[in-house]
Amino acid sequence: MVQLFKYLLKSTKSPARAHFRPSFLDTLRLTVRGGHGGNGLPKYGGVGGQGGCVYFVAKEGLTLRKLAQNMKDKRVVASNGEDSSKVSIFGQRGVDQRIEVPVGVQIYDEQQKLLADLNEPDAKCIVAGGGTGGCTGNNFIGRPGAHRTVNLDLKLIADVGLVGFPNAGKSTFLKAISNAKPKIAAYPFTTIRPQIGTIEYSDLRSITVADLPGLIEGAHANFGMGHKFLKHIERTRLLLFMVDIFGFQLSPQHPHRDCLANIYALNKELELYDPTLLEKPCVLLLNKMDKEGAQDLLSKLKPSITNLESGLEHCPEEVRPSRVLKFEHILPISAKNSVRVTHVKKQLRQTLDELAAEHQLADTELIKHQLKQRVGVRGPKIT
Ligand SMILES: Nc1nc2c(ncn2[C@@H]2O[C@H](COP(=O)(O)OP(=O)(O)OP(=O)(O)O)[C@@H](O)[C@H]2O)c(=O)[nH]1
Ligand SMILES: [Mg+2]
């Protein structure tokens, strides 16, 4: 019976099967223990071997899900150092435990203190040192290794973070612009885990875009998936906001918000999560421009969208941010028909290149300060 169930589960692609698919995992708790130091040999002044340590190394192409599957009991223990003996005065050191973790993992101890940020390939950190071997300093008695519980918190690393409310067309856009093959449907919450797409350019350069699902109005109050996935935009260099030009209504119980109110609402959600995110360079996409009446709507909303500050007083109080976003560019598109998607592709690359060049220049505090002010001075244009 169990076999039959397993077979059915394997062979069907029904929604039930999809339901059993393991979900995206971005946190993992592990217990780590360094090896015990070996005992010394007082008679000969022999020193025990040091216990092995547990260390993490960041590797690309790994996921926390894979790591969790490979480590069923969530415990990592390094081996003990050997005791000193007549034939081996210096005991052998214990063998280290090397654990490969995905790039972008941050490691916290139980008090939520950050121990390490493994944000580039081959970055390493020792999470549990081995105990010292027995010697004169400790009466020849080997010491236990460090023992602790660590929390691994994965924050995706992408050049661009795609932020928008459900149904705006984020996945449609990601599919049109990159190699990603996300699911697209006419109902909210189609995407339930972050997706990363890579945009390739003719000069063989590429940029990565992360589609971060689950953001809804009130996420700060833990509605929907709350801010679960917002942490992933902390490490993106550019935020790409997307709104439906016709606005959005989550359900009949929620108010319909026009496109402008949605921009403010996204602005507010980010502000409530982490106000420093508002300082990141950002671009706005106005999607579904192929639909009838979209151009007229755009002409009507244009003055307010290009000057968010001016419309603040008419913004519903519950979605009113205290500080508005300053978009580098505002780009009307039709993700579905791939209209102006190439233009977005060019703009993203250009903006990222400009940012990289400016950061290279910004080696004095003064220039860094001017950089922060930069977006505000220029003001966005709809192009
Ligand atoms: N007319 C029109 N429809 C679009 C456009 N882009 C997306 N859509 C439609 O809008 C609906 C939602 O698109 P998705 O790409 O799934 O939206 P999403 O933002 O990823 O939604 P969630 O994953 O639920 O957050 C689908 O029915 C798409 O076909 C567009 O440019 N024009
Ligand atoms: Mg989606």
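**View 1. What sits over helix 5.** The cover over the buried residues of helix 5 includes strand 9 (160-164), strand 12 (238-244), strand 13 (282-287), helix 6 and helix 7 (308-311). Helices (H or I, at least four residues) and strands (E, at least two) are DSSP runs, numbered from the N terminus. This is a predicted model, where local features need pLDDT of at least 70 and side-chain atom pairs count only at pLDDT 80 or more, while totals for chains, interfaces and linings use all residues. Residues are numbered from 1 along each chain as its sequence is written, with chains lettered from A and ligands numbered from 1 in the order in which they are written.

**View 2. Helix 5 by itself.** Helix 5 has 15 residues and spans 21 Å from first C-alpha to last, close to the 21 Å expected at 1.5 Å a residue (the expected span is 1.5 Å times one less than the number of residues). Most of helix 5 is covered, with 11 of its 15 residues buried. Buried takes 20 or more other C-beta atoms within 10 Å of a residue's own, exposed takes 12 or fewer, and partly exposed is in between, with C-beta atoms placed from the backbone. Among the buried ones are C259, N262, Y264, K268 and E269.

**View 3. Helix 5 against helix 6.** Helix 5 (residues 259-273) and helix 6 (residues 294-306) pack at about 25 degrees, their axes 10 Å apart. Here axes are lines fitted to C-alpha atoms, for helices over the stretch in contact, and angles run from 0 to 180 degrees between N-to-C directions. That makes the pair roughly parallel (angles under 35 degrees). On the helix 5 side, C259, L260 and I263 make the contact, and on the helix 6 side L301, S304 and I305 do; two residues are in contact if their C-beta atoms, placed from the backbone, lie within 7 Å.

**View 4. L325 in its loop.** L325 lies in the loop between helix 7 and strand 14 (327-332). L325 is buried, with 22 other C-beta atoms within 10 Å. Beyond neighbours within four places in sequence, L325 touches N267, L278, C282 and L308. L308 is 17 residues away from L325 in sequence, yet their C-alpha atoms are 7.7 Å apart.

**View 5. V341 in helix 8.** V341 belongs to helix 8 (residues 341-361). V341 is partly exposed, with 19 other C-beta atoms within 10 Å. Leaving out neighbours within four places in sequence, V341 contacts A176, I177, I333 and A335. F173 is 168 residues from V341 along the chain, with 7.8 Å between their C-alpha atoms.

Methods
Angles under 35 degrees count as roughly parallel, over 145 as roughly antiparallel, 65 to 115 as roughly perpendicular and the rest as oblique.
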